[in-house]
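Q: Before the individual features are taken up, please show the structure under discussion.

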Amino acid sequence: MGRAPSLSRRLFRAVLAFALAGIVTFSLVIAGICYASLERDAAARLAGEAQRAARLLDGLPVGEQEAMLAGQLDDAVRITLVAPDGAVLFDSATASQDLGGLPSHADRPEVRAALESGEGAAVRRSDTQGGDTVYAAAALADGSVVRLAETRESLVAFFLDGLVAPLAAALVIAAVLVLVLSRLLTRSLMRPLDQLDAARPLEGEAYAEMVPLLARIDSQQRTLRAQNEELARAESLRRDFSANVSHEMKTPLQVIAGYAELMANGMVPPGDVARFSGVIYEESQAMRALIDDVLTLSRLDEQGAGTAQAPVDLAGAAARAARRLAKPAADAGVSVEVDAEGPAMVRGSEALIEQMAYNLVDNAVRYNHPGGEVRVTVRLEDAAGAEAGAGARDGAGAAGAGGEDGEARAASGPVAVLMVDDTGPGIPPQAREKVFERFFRLDKSRSKETGGTGLGLAIVKHVALTHGGSVSAGDAPGGGTRLTVRLPAIAPGAE
């Protein structure tokens with residue numbers, strides 16, 4: 001890439017060239033105006049002299065007229081006496097014996113005008129005198145015409161003879177002044193550009209014409225900074241996630257390896273083999289569950305907004321999730337009840353939405369007590385109702401994620417609500433945001449007993465956000481926890 005052109009140098013050259021061109025043009029125009037003014041004055045003066053000459057010649061015989069004209073000879077003024085028929089009777093620039101060789105002057109514009117109106121004038125190139133000649137003619141009483149002619153410099157000669165030297169001096173002086181002034185002007189014009197801070201383009205002095213460009217640069221910089229911060233946050237989350245996954249998998253692997261080594265070395269009594277095998281199986285199942293959840297989160301991170309968009313019945317997904325968990329719930333002594341007012345259609349991935357409902361119900365079953373209950377409620381609400389009653393339905397001190405106010409982002413249409421209430425120990429207010437973080441456990445010993453991976457509610461949050469919704473945690477009526485998911489719904493009859 002070649003050297004970039006300098007704006008200040010271009011501006012300086014343009015100002016200098018424009019100023020010099022203006023001076024030359026102005027000088028030529030003034031010269032033309034002066035020359036035209038001099039020509040008009042000369043023509044008027046000559047016309048007055050022609051009228052005076054005509055008054056002196058009127059009434060005199062032809063011979064006396066010629067004698068009088070001969071006595072008025074002036075080297076600067078040519079005098080010509082023309083007969084009514086155009087023949088030249090006298091010419092101060094031609095000897096009397098050569099008058100017969102002169103052509104008729106009847107067709108000369110100034111002579112013809114004098115014969116018609118009494119006076120006439122013209123300016124033209126003279127073949128006999130050379131240069132531009134001013135002619136003035138006046139008619140006599142006997143029909144003859146006296147004409148006076150005065151040769152003037154042409155415009156070019158007038159300019160070259162009288163104005164070249166002053167103009168050259170003026171151009172030199174002007175060039176020096178323009179050189180200084182243009183540099184000062186260039187520096188003044190370039191100062192806002194030189195002082196522009198690329199990191200903060202909207203601060204400081206700027207030309208109005210540049211404000212849209214600077215605003216766009218500032219907007220792009222803020223976008224880039226936000227993206228960089230988001231990338232840094234994502235990288236931090238990735239590192240934390242990798243560290244957490246490694247830590248979570250290390251414990252079951254150590255248990256499996258330790259028990260397997262004891263069994264391989266024959267150090268386990270025959271009566272304990274079944275128990276050791278059961279421990280290995282449980283730990284392997286925990287690892288499989290952890291791997292499944294990690295893969296689910298990885299797929300959600302990759303898919304993002306590209307999740308398949310198809311009509312899904314949220315009530316049906318919740319009912320299927322409850323049926324899948326019927327045996328584990330019965331084994332734990334927990335009853336599960338689903339209450340749906342009817343279909344609640346949302347748009348998204350059926351597999352992910354059912355996984356979200358499964359995790360919510362599974363979490364309610366795991367963190368409950370024998371004889372406890374889990375109630376799953378699905379219903380449709382309008383946006384105004386969802387906003388007005390969200391706090392009351394979720395319980396005091398509800399907290400969640402999914403937007404600035406924790407509500408579904410499709411606030412202009414109906415909202416599908418999935419609520420899961422349990423009768424467990426509940427979640428303290430200060431932990432209601434954290435329960436949706438990856439690998440967060442409210443009670444680590446309790447999580448170990450229930451076999452939780454610490455990723456279930458993180459998956460719920462991710463699925464809700466991916467589908468344009470929100471998730472929140474609060475108190476269930478009568479104690480326990482209420483987890484609520486709100487998703488933009490398809491209006492009944494729309495599809």
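**Reading helices and burial**

A: Helix α10 passes helix α13 in a left-handed crossing, the term for a near helix turned anticlockwise from the far one by less than a right angle, right-handed being the clockwise case. This is a predicted model, in which local features need pLDDT of at least 70 and side-chain atom pairs count only at pLDDT 80 or more, while totals for chains, interfaces and linings use all residues. Residues are numbered from 1 along each chain as its sequence is written, and side-chain values use heavy atoms, with hydrogens and water left out.

Q: How many helices and strands are there in the protein?

A: Helices (H or I, at least four residues) and strands (E, at least two) are DSSP runs numbered from the N terminus. The protein has 13 helices and 13 strands. Of its 495 residues, 37% are buried, where buried means under 20% relative accessible area, exposed over 50% and partly exposed in between (1.4 Å probe, protein chains only).

Q: At what angle do α10 and α13 pack?

A: Axes are lines fitted to C-alpha atoms, for helices over the stretch in contact, and angles run from 0 to 180 degrees between N-to-C directions. Here α10 (residues 350-366) and α13 (residues 456-466) pack at about 145 degrees, and their axes are 9 Å apart.

Q: Which residues in α10 meet which in α13?

A: Contact means heavy atoms within 4.5 Å. From α10, Leu352, Ile353, Gln355, Met356, Asn359, Leu360 and Asn363 meet Gly456, Leu457, Ile459, Val460, Val463 and Ala464 of α13. The residues of this contact comprise nine nonpolar, four polar and no charged; Ala, Val, Leu, Ile, Met, Phe, Trp, Tyr, Cys and Pro count as nonpolar, Asp, Glu, Lys and Arg as charged, and the others, Gly among them, as polar.

Q: Why is α10 described as largely enclosed by the rest of the structure?

A: The description applies because 12 of the 17 residues of α10 are buried. Among them are Glu354, Ala357, Val361 and Asp362.

Q: What span should the 31 residues of α5 have?

A: The expected span of a helix is 1.5 Å times one less than its number of residues. For α5 (residues 164-194) the expectation is 45 Å, and its end C-alpha atoms are 42 Å apart, which agrees.

Q: Where does α5 bend?

A: The bend at a residue is the angle between axes fitted to the seven residues ending there and the seven starting there. In α5 the bend is about 25 degrees at Ser188, and Pro192 follows within four residues. Pro192 is one of the buried residues of α5, which also include Leu167 and Met190.

Q: Is Leu181 buried or exposed?

A: Leu181, found in α5, counts as exposed because its relative accessibility is 54%. Its C-alpha atom is separated by 9.6 Å from that of Phe12, 169 residues apart along the chain.

Q: Where does Gly86 lie, and which residues is Gly86 in contact with?

A: Gly86 lies in the loop between β1 (78-82) and β2 (88-91). Gly86 counts as buried, at 1% relative accessibility. Leaving aside neighbours within four places in sequence, Gly86 is in contact with Ser104, His105 and Ala106.

Q: Where is Pro425 found?

A: Pro425 is in the loop between β11 (415-422) and α12 (444-450). With a relative accessible area of 78%, Pro425 is exposed.
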